[in-house]
Amino acid sequence: TGPPGAGKTMALALWVAGQPGAVAWVGLDEFDNRPGVFWSYVVAALHQAGVTVPKAVRAVPRGRPGDDGFLVQLTAALAAQDPPVTLVLDDLHLLTDPGVLKGLEFLLRNVGPGLRLLVASRMDPLLPLHRYRLAGQLTEIRSSDLAFSLDEAGLLLDQHGGPLTPDALESLNRRTEGWAAGLRLAAISLGTHPDPDLFVKE
């Protein structure tokens with residue numbers, strides 16, 4: 001979790017790139033906040049990632065999936081995955097529909113080790129995170145973990161050709177709180193400023 005521009009999507013993409021096995025990625029938007037639409041995208045992403053999805057599961061019902069056993073069948077198909085499949089849900093904060101969240105909670109409660117779920121969100125998802133914490137099934141990466149260290153900020157500015165004095169670099173990183181997007185915007189602006197240290201000071 002973290003604010004816009006914290007590097008959540010980039011962190012997920014870099015982590016996923018180094019992982020073996022199937023990865024299904026769903027980038028969410030506000031139009032996906034309906035059970036039929038959401039689960040259609042999940043099933044399509046799983047299929048595209050090479051996960052064997054039974055034909056009965058691929059036909060996502062238009063109403064509320066789960067009423068006819070859809071979620072039970074999907075959960076059973078994912079539970080049988082060995083090695084496990086990774087499902088990435090990017091921008092999960094956009095999902096607030098109780099039916100979508102209830103279905104996702106059902107899946108997580110019953111799927112077992114066949115599924116790994118990675119989530120990027122601007123706030124804590126509306127899921128029973130306390131239950132996952134107590135069971136030792138949750139790893140959390142917060143904005144403070146994503147924030148650039150002083151060394152990382154220096155590397156970023158060096159790549160833009162805008163090296164700063166140590167004091168100016170420390171000031172910039174402190175003022176942006178290591179926020180990736182803020183540092184990137186500053187680096188772009190520094191490239192056009194005749195006195196980078198003065199720019200930071202001002």
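The second largest pocket is lined by 14 residues, of which Ala6, Gly7, Lys8, Met10 and Ala11 lie nearest its centre; a pocket here is an open set of points on a 1 Å grid over the protein atoms alone, where a 1.4 Å probe fits, with protein on both sides within 12 Å along at least five of seven lines, and lining residues have an atom within 4 Å of a point. The model is a predicted one, in which local features need pLDDT of at least 70 and side-chain atom pairs count only at pLDDT 80 or more, whereas totals for chains, interfaces and linings use all residues. Residues are numbered from 1 along each chain as its sequence is written, and side-chain values use heavy atoms, with hydrogens and water left out.

The second largest pocket holds about 340 Å³ of space, a volume being the space filled by probe spheres set on grid points that are joined across faces, edges and corners. Helices H1, H7 (143–146) and H10 each supply at least two residues of its lining, and the largest share, five residues, comes from H1; helices are DSSP runs of H or I with at least four residues and strands are runs of E with at least two, numbered from the N terminus. By class, this lining divides into nine nonpolar, three polar and two charged residues, where Ala, Val, Leu, Ile, Met, Phe, Trp, Tyr, Cys and Pro count as nonpolar, Asp, Glu, Lys and Arg as charged, and the others, Gly among them, as polar.

The largest pocket has a volume of about 1,100 Å³ and is lined by 30 residues, with Leu117, Leu118, Val119, Leu138 and Thr139 nearest its centre. Two or more lining residues are given by each of helix H1 (8–17), helix H5 (98–110), strand E3 (115–120) and helix H6 (129–134), and E3 provides the largest share, six residues. The lining of the largest pocket comprises 17 nonpolar, six polar and seven charged residues.

Helix H10 (residues 180–190) has Ala180, Gly182, Leu183, Ala186, Ala187 and Leu190 as its buried residues, buried meaning under 20% relative accessible area, exposed over 50% and partly exposed in between, with a 1.4 Å probe and protein chains only. Seen down the axis of H10, these residues fall within an arc of 165°, so they line one face of the helix; the arc is that of the directions from the helix axis to the C-beta atoms. They pack against helix H8 (150–159), helix H9 (166–176) and helix H11 (196–201), contact meaning heavy atoms within 4.5 Å.

In H8, the buried residues are Ala153, Gly154, Leu156 and Leu157, and down the axis of H8 they fall within an arc of 160°, so that they too line one face of the helix. The buried residues of H8 pack against H9 and H10, while the face turned away from the buried side carries the exposed residues Asp151, Leu155 and Gln159. H8 is followed by Gly161, whose phi is positive, near 75°.

The structure holds two aromatic pairs, defined by rings of Phe, Tyr and Trp (its six-membered ring) whose centres lie within 6.5 Å, with planes under 30 degrees apart counted as stacked, over 60 as edge-to-face and the rest as tilted. Phe38 and Trp39 form an edge-to-face pair, at 4.8 Å centre to centre and 70° between the planes. Trp39 and Phe70 also pair edge-to-face, at 6.3 Å and 65°; Trp39 lies in helix H2 (residues 35–48) and Phe70 in helix H4 (residues 70–79), so this pair ties together parts that are 31 residues apart in sequence.
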